[in-house]
Amino acid sequence: WAYIDKLVWFGGTSSQSIQIPSSPWANAAHKNGVKIFGNVFFAPTAFGGSTATLQNFLEQDGSGNFVAIPKMIAIMQYYNFDGWFINQETATTAVVAQLMHDFVRDLTAQAEVLGKEIMWYDAMRLSGAVGWQNRLNANNSPFVQDDQNADGTFETRVSSSIFINFGWGAVFPPMSRTRAI
């Protein structure tokens, strides 16, 4: 436990998009000062992921509010875990990708007020294509912060953090370090 600061509960399949950390693991994590995250997993298309599943999850009410967000907030609070890891690996359209972006932004805004976090995974781009960047760049940084100002800074928080895919190679540190967000 001494080497972990955040633990993501991961065990997803294409038919099980939401995974809640089991209570013994959540209790052990918290006892050792480690944050634990539930997982929202949308599988790659090759492994059963579908745009239809993603669109159903992103359902909005008549006022444009995402219907899943209050449920996800309630689940976090009831089961006492620290946030959600959003792992969206289903190739989709730009329209659905923009909905996912807006969903993550709205979920983050509501979760952070409660001291919770939302972590985005480096997979889907705003185009809807899936492509792991293996570094922070213009393709994935809009899922961390958005609305670039004229001076190159960003002002709208989209997620609390990003988990960069792990195919870093020799180019990872310099390129990510120089990306302004």
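**Entry 1: a glycine in a loop**

I began with glycine 48, which is partly exposed at a relative accessible area of 45%. I placed glycine 48 in the loop between β3 and α2. One reminder to myself before going on: this is a predicted model. I then checked a distance across the chain. The C-alpha atoms of glycine 48 and threonine 90 are 8.7 Å apart, although 42 residues separate the two along the chain.

**Entry 2: the largest pocket**

Next I went looking for pockets. What is the volume of the largest pocket? I noted about 180 Å³. Its lining is made up of Lys6, Val8, Phe10, Phe85, Asn87, Met119, Tyr121, Phe163 and Phe166. Sorted by class, the lining holds seven nonpolar residues, one polar and one charged.

**Entry 3: aromatic rings**

I turned to the rings and found that the structure holds twelve aromatic pairs. I wrote down two of them.

For phenylalanine 42 and phenylalanine 57, the ring centres are 5.1 Å apart and the planes sit at 65 degrees; edge-to-face applies to planes over 60 degrees apart, so this pair gets that label. Phenylalanine 42 belongs to strand β3 (residues 35–42) and phenylalanine 57 to helix α2 (residues 51–57), so the pair ties together parts 15 residues apart in sequence. Are these two buried or exposed? Both phenylalanine 42 and phenylalanine 57 are buried.

The other pair I noted is phenylalanine 66 with phenylalanine 103, also edge-to-face, at 5.4 Å centre to centre and with 90 degrees between the planes. Phenylalanine 66 lies in the loop between α2 and α3 (68–79), while phenylalanine 103 is in helix α4 (residues 94–113), so this pair ties together parts that are 37 residues apart in sequence. Phenylalanine 66 and phenylalanine 103 are both buried. I then saw how the two pairs belong together: Phe42, Phe57, Phe66 and Phe103 form one aromatic cluster.

**Entry 4: a buried serine**

I moved on to serine 159, in the loop between β7 (154–157) and β8 (161–163). Why does serine 159 count as buried? Its relative accessibility is 0%, and the cut-off for buried is under 20%. Leaving out residues up to four places away in sequence, serine 159 touches Val104, Thr108, Ile118, Trp120, Phe143 and Val144.

Last, I checked backbone angles.

Asparagine 80 has a phi near 55 degrees, a positive value in a residue other than glycine. I found asparagine 80 in the loop between α3 and β4, and at 45% relative accessibility this residue counts as partly exposed.

Asparagine 134 has a positive phi too, near 65 degrees. Asparagine 134 lies in the loop between β5 and β6 (145–148). Is asparagine 134 buried or exposed? With a relative accessible area of 18%, asparagine 134 is buried, since the limit is under 20%.

Conventions:
Residues numbered from 1 in each chain as written. Predicted model: local features only at pLDDT ≥ 70, side-chain atom pairs only at ≥ 80, totals over all residues. Heavy atoms only, no water. 1 Å grid on protein atoms, 1.4 Å probe; cavity = no way out; pocket = protein on both sides within 12 Å on 5 of 7 lines; lining within 4 Å. Points joined across faces, edges and corners; volume = space filled by probe spheres on them. Nonpolar A, V, L, I, M, F, W, Y, C, P; charged D, E, K, R; others polar. Phe/Tyr/Trp six-rings, centres within 6.5 Å; stacked < 30°, edge-to-face > 60°. Helix = DSSP H or I, 4+ residues; strand = E, 2+ residues; numbered from the N terminus. Buried < 20%, exposed > 50% of the residue type's maximum accessible area, 1.4 Å probe, protein only. Contact = heavy atoms within 4.5 Å.
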